[in-house]
Amino acid sequence: MGKSFEQYQKQKLISSYFSVVLSIALVLFLLGILGLLVINTKKMADHFKEQITISIFLKDEAKESEIDQLQKNLLQEEHTKSAVFVSKEDAAKQHSEEIGEDFQNFLGYNPLKNSIDVQLRADFVTPQEIDSLATNLAKKTYVEEVSYDKPLVGLLSENVKRISFWILIASGVLTFIAILLINSSIRLSIYSKRFIIKTMQMVGATKTFIRRPFIWMNIKLGILGALTALLALTGALYYLDQNFPELELFKDLELLGILYGAIFILGIFISLISTFFATQRFLNLRTDELYY
C-alpha cells in the first residue's frame, strides 16, 4: 500500500514537472517565432528600401571627368550602397528590350540621357534624406535632373513604421501572456506542495531555506523548457530554410544568436520570478487558508 502511494506521488510529481516544462517550451517557442518575424520583417523592409533607385540624369555636355568624379564621390558616402553609370546607349538598349521594339528607328535619334543610378542603404531611405540628397545633386551644373519615385518612398516609410509598431505591440502582449502562462503552471506545481511548505515553516525553517529548493528546481525546469523551445525553433528554421531559401534565415547568425540567448535567459528569468512570488504567497498564508 505504501509503495503504491509512493509510486503514485512520484508519477504525479513527474507529470507536474512535465506540464511546467511543456508550458515553458511552448510559450518560448511562440516568442521565438515572433522574434524571427521581427528580424525578418526588418530584413525584408531593408531589402525593399534598397531597391529604390535615384536616377541622376546628366547633361549631354557633361565632361567625362565630372561624371567620374561624381560617381566616386557618391560611392565614398556612407549612405550609398551602389552608384552605377548607365550610358544613353545602354539605357536605349534596355528600354527597347522592355517594350519589344527599337524606338530609335521610329524617332530617328536617342532622346535618353547618360545617368548614374544610385541605391541607398536602408537606414537612409527616408523622404527627408532622399529629398535633401536630390536637392544637392540637382544644384550641380552638369546635372539635368534627379528623379526617384517620391510617392513610393513615402508609402514605404509609413508602412514600415506601421508594421513595426504593431509588431512591437504584439510582442509586448505575447510576452505578457507568456509570463502569465508560465507563472500559472509554476503556481499550480507549487500549490500541490503547499502543505509541505507550511509544515517546514511550522518546524522553524526560514522562508529563504524553504524557497531555495523550489527556485532551483524550477530554474532547472526553465532551462529544460528553453532548450526544448530552442530545439523546436531550430527545426522550424531548418524547415523554412529548406523550403524558402530566398529568406536567407541563417545569413545573420549574430541576430539569431541574440534571439536564442534572449529566449534562454527569459526562460530562466520568468521561472525564477514566478517561483519566488508563488512560494512567497503560500508562505504568507495561514494554515486554515491552505484548504481554499
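**A first walk through the model**

Reply: Let us start with one pair of side chains, bearing in mind that this is a predicted model: the side chains of Glu 50 and Lys 81 are joined by a polar contact of 3.1 Å.

Me: Where is Glu 50 placed?

Reply: Glu 50 belongs to the loop that runs between helix H1 (2-49) and strand E1.

Me: And does Glu 50 count as buried or exposed?

Reply: Glu 50 has a relative accessibility of 18%, and because the cut-off for buried is under 20%, Glu 50 counts as buried.

Me: Which residues is Glu 50 in contact with, leaving aside its neighbours within four places in sequence?

Reply: With those neighbours set aside, Glu 50 is in contact with Lys 81, Gln 119, Leu 120, Arg 121 and Ala 122.

Me: Switching to helices, how many residues has H2, and what is its reach?

Reply: Helix H2 covers residues 64-76, which makes 13 residues, and from its first C-alpha to its last it reaches 19 Å, close to the 18 Å expected at 1.5 Å a residue.

Me: Which residues of H2 are buried?

Reply: The buried residues in H2 are Ile 67, Leu 70, Gln 71 and Leu 74. Looking down the axis of H2, these buried residues fall within an arc of 95 degrees, so they line one face of the helix.

Me: What about the other side of H2, which residues are exposed there?

Reply: On that other side of H2, Lys 72 and Gln 76 are exposed.

Me: Is Ser 115 buried or exposed?

Reply: Ser 115, which lies in strand E3, counts as buried, because its relative accessibility is 5%.

Me: What is Ser 115 in contact with, again leaving aside its neighbours within four places in sequence?

Reply: Apart from those neighbours, Ser 115 is in contact with Ile 56, Phe 57 and Leu 58, and also with Val 84, Phe 85 and Val 86.

Definitions and conventions: Residues are numbered from 1 along each chain as its sequence is written. This is a predicted model: local features need pLDDT of at least 70, side-chain atom pairs count only at pLDDT 80 or more; totals for chains, interfaces and linings use all residues. Side-chain values use heavy atoms; hydrogens and water are left out. Helices (H or I, at least four residues) and strands (E, at least two) are DSSP runs, numbered from the N terminus. The expected span of a helix is 1.5 Å times one less than its number of residues. Buried means under 20% relative accessible area, exposed over 50%, partly exposed in between (1.4 Å probe, protein chains only). The arc is that of the directions from the helix axis to the C-beta atoms. A polar contact is a pair of N or O atoms within 3.5 Å; within protein, one must be able to donate a hydrogen and the other to accept it, and residues adjacent in sequence count only if both atoms are side-chain atoms. Contact means heavy atoms within 4.5 Å.
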